[in-house]
Amino acid sequence: MEIQSFIPNDHHPFLMAGPCSAETEAQVQQTVDELIQFVPQVDVIRAGIWKPRTRPNAFEGVGAIGLSWIKEAAKKYNKLCTVEVANTEHVEAALKAGIDILWIGARSTVSPFIVQEIAEALRGVDIPVMIKNPVNPDLELWIGAFERMEKVGVKKLAAIHRGFSSYTKTEYRNKPTWELPIELKRRIPNLPIICDPSHICGRRDTLQKVSQKAMDLNFDGLMIESHFQPDEAWSDAKQQITPEQLAKLLSQIIYRENINLEEEEHASLNELRSKIDRIDNYIIQLLSERMGVSEEIGVYKAANNLKIYQPERWAIIVDRCLKIGTINGLSEDFLLRLIQQIHKESIRHQTMVMNKEQ
Ligand code: PEP
Ligand code: MN
């Protein structure tokens, strides 16, 4: 995909901060003043103008009137600004107000209709667009949104990872499921990815941990919600932090280096990596052997008219694997997902064999 990066690579991370919502002109101004005071390296000021809320009657944003508040507050310090857009009207108002970067929210990325409408409104316009992941963990839908932008000529693109909603309550407001942004980067290597720890965490005390993880996973930047009076915020009060707290969070991040494979000093790392490669090869070979045995079982079951899935046997396998695995230092969550995947592939092989035998 042809992407022009709008993210400078001379400093790291690319930092976006600002309130969840623009509430009043004074609140935007005060927050930006404090951001510049405590976090002068901030690159982009963010604020929501039109707020997608889960339930009606919640604060739905101040609307177009807030665009000039953000633009002016950012311009005063020579900073860029960004707002969320969700339809043609938003795009037109944001462009008219001179907003520098647009972002598409998680609830919009899920809808190809909405993404296409925004793309049409941007045809021929040279403005950077950041696309948040859809609320559901669907990588193709996320990639599809980038393709829709590319098709209308928007080339300055970036992704924002803000986690995925889940029915069960977890430690996170939105589960990070890090493998998805990692796979996105593998599929579109030149696409910058920003992490939004605020919407992943939904609370303040885990922001540090998630920001650190994003940096360790090679994300290009961070978008963090900051408000001069977070407890009084009209939306997402629990996850916002003051500019001073943001400065502290950033100062505590350990920025680790990228690895240059050519360098001599990493010879011992390369040795360990070869070891990993050998073990991975071995695991794959063993899995393939395991599927061979599954196929033999499939032949037997077909000949004896037996069902593929036997719940008692599966329960025993899971118990045994969890027991041996946890003794060996692997987490229960990982073991369960691993054995489920192996089981799924095993069923696929048996189904194939049984259908052939019929
Ligand atoms: C936001 O950034 O304030 C927002 C509404 O985010 P998301 O689309 O990730 O929920
Ligand atoms: Mn928010």
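1. Start with Arg162: an N or O atom in its side chain sits 2.6 Å from an oxygen atom of ligand 1. For Arg107, the corresponding side-chain distance to an oxygen atom of ligand 1 is 2.8 Å, and for His199 it is 3.2 Å. Taken alone, ligand 1 exposes 290 Å², and the protein buries 97% of that. (Accessible areas here are Shrake-Rupley values with a 1.4 Å probe; for residues, only the protein chains shown count as cover.)

2. A word on the ground rules. This is a predicted model, where local features need pLDDT of at least 70 and side-chain atom pairs count only at pLDDT 80 or more, while totals for chains, interfaces and linings use all residues. Residues are numbered from 1 along each chain as its sequence is written, chains are lettered from A and ligands numbered from 1 in the order in which they are written, and side-chain values use heavy atoms, with hydrogens and water left out.

3. Which residues are around ligand 1? Going by a heavy atom within 4 Å, they are Cys20, Arg46, Lys51, Glu84, Trp103, Gly105, Ala106, Arg107, Lys132, Arg162, His199 and Glu225.

4. Now the metal. Cys20 (SG), His199 (NE2), Glu225 (OE) and Asp236 (OD) coordinate the manganese ion (ligand 2) at 2.1 to 2.4 Å. Along the chain, these donors follow the spacing C-x178-H-x25-E-x10-D. Cys20 is in the loop between strand 1 (14–18) and helix 1 (25–38) and His199 is in helix 8 (residues 197–201), so the pair ties together parts 179 residues apart in sequence. Donors are N, O and S atoms within 2.8 Å of the metal (3.2 Å for Na, K and Ca); water is not among the atoms, so sites may look incomplete.

5. Are Cys20 and His199 buried or exposed? Cys20 is buried, at 1% relative accessibility, and His199 is buried too, at 8%. The cut-offs: buried is under 20% relative accessible area, exposed is over 50%, and partly exposed is in between (1.4 Å probe, protein chains only).

6. Lys132, one of the residues around ligand 1, belongs to strand 5 (residues 129–132). Lys132 counts as buried because its relative accessibility is 4%. Its side chain makes a polar contact with the side chain of Asp196 at 2.7 Å.

7. Elsewhere, Leu338 is in helix 13 (residues 332–357) and counts as partly exposed at 39% relative accessibility. Helices here are DSSP runs of H or I with at least four residues, strands are E runs of at least two, and both are numbered from the N terminus.

Methods:
Polar contact = N/O pair within 3.5 Å; in protein donor to acceptor, adjacent residues only side chain to side chain.
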